[in-house]
Amino acid sequence: VGPKLLQYVIKVIVQAVQLLYTMLKIDQPSYILLQNPPGLPAIAVAWLACLFWRSKLIIDWHNYGYTVMSLSHGRNHPLVQIAKWYEKLFGRLSDYNLCVTNAMKEDLWVNCNIKAVTLYDKPAAYFKETPLELQHRLYMKLAEAYEPFKSRYVWNGEKSAFTEVDGSNGHVRKSQARPALLISSTSWTEDEDFSVLLKALEGYEQYINEGVKLPPLVCVITGKGPLKDYYNGLINKLHFKHIQICTPWLEAEDYPLLLGSADLGVCLHKSSSGLDLPMKVVDMFGCCLPVCAIHFECLHELVKHDENGLIFRDSDELAEQLKMLFLEFPTLEGKLHSFRKNLRACKQLRWDESWDQTVLPLLG
């Protein structure tokens, strides 16, 4: 009730009181680790709790809260400017700082006088390529609820759109005429413009209509968020013959299995600050899944163009990349195979290994 500004101020005060009360009830910690954003009022409250407990405060900078706020309010809004001042002021009071890119590390030092250590996000151990038998079980499970996973052809045994069980020996194999599986994940917020993907899919459909040898495409977009209904409305207006789109909410254990089963990942995350990296791509790379990702300033710290994926700037470029990657799929694997091979060969660190190497020495 009341003006928006008053609502916001009251909300922050109530959250601050609740959070401080909760933190003063816990056992005395040696360290308090805070991920930012959200940092308003969490940074100030965590700092006060550290004073009370005589603990050390570690801020894990994943982005800036004020740049996230600016997506809906604009950079010059008074609330955004207050949030920017607040983050700079209270951010300097931390004992240790972690950040997710070297670009953010430099920005924190130059603009906020905050010294940070880069700790790149890494995939958890359960993000890995999915064995064929598990892929089949997942597809059969999803086929119960989602039409794109159902087989269009009659088969003597168990069959999904992508896999089938050989009746003679019971072995699972990939279907010869299977569609390509493209996956993206999102929280359906302003920092991801999914109209770029939808326009690229229109271009892909046009290529097929013109006679280019491309496979049918199943496009799966997972996640929940405020703009999901808006984009579902746009999807429902599309009438593709060769492309099926579904927007499921997957169970936690099914998401890494689907990433490990897909042929290509697409990322439309555009950092509000231009200084953080999309965690979804980190997880995809953990599953050795090649990625097409939309360009922003520091993306090169994660996606190496033409090595582990491709970077695009607009829907036309993405459509061209889809055509190139899926040409004569699955008989001709081409770049997709090369990218996957490079991801397998890099043997990147997992989250716990990265933490042990980077953070434990910092804490002594």
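Reply: Here's the domain join, followed by a tour of the helices and loops around it.

First, the ground rules: this is a predicted model, so local features need pLDDT of at least 70 and side-chain atom pairs count only at pLDDT 80 or more, while totals for chains, interfaces and linings use all residues. Residues are numbered from 1 along each chain as its sequence is written, and side-chain values use heavy atoms, with hydrogens and water left out.

The protein chain splits into domain 1 (1-120 + 355-362) and domain 2 (132-345), with bounds from an automatic or database domain assignment. Their C-alpha centres are 35 Å apart. At the join, 15 residues of domain 1 are in contact with 10 of domain 2 (contact means heavy atoms within 4.5 Å). Together the two bury about 940 Å², 61% of it on carbon and sulfur atoms; buried area is the accessible area (1.4 Å probe) that two parts lose on being put together, summed over both. On the domain 1 side, Asn63, Leu71 and Thr101 lose the most area to domain 2, together 43% of what that side buries.

What about charge pairs? Zero salt bridges run between domain 1 and domain 2, though the structure holds 11 (a side-chain nitrogen of Lys or Arg within 4 Å of a carboxyl oxygen of Asp or Glu). One of them pairs Lys141 with Asp254 at 2.8 Å, N to O. That pair ties together distant parts of the chain, with Lys141 in helix H6 (residues 132-143) and Asp254 in helix H9 (residues 254-259), 113 residues apart. Helices (H or I, at least four residues) and strands (E, at least two) are DSSP runs, numbered from the N terminus.

Next, helix H13 (residues 351-363). Its 13 residues should span 18 Å at 1.5 Å a residue, and the end C-alpha atoms are 17 Å apart, so the two agree; the expected span is 1.5 Å times one less than the number of residues. H13 also has a kink of about 30° at Gln357, shortly before Pro361, where the bend is the angle between axes fitted to the seven residues ending there and the seven starting there. After H13 comes Gly364, with a positive phi near 70°.

Most residues other than glycine have a negative phi, and most peptide bonds are trans. Arg54, in the loop between H2 and strand E2 (56-61), has a positive phi near 55°. Pro37 and Pro38 are joined by a cis bond with omega about 5°, and Pro38 sits in the loop between strand E1 (31-36) and helix H2 (42-53). Phe329 to Pro330 is cis too, with omega near 0°; Pro330 is in the loop between helix H11 (315-326) and helix H12 (334-346).
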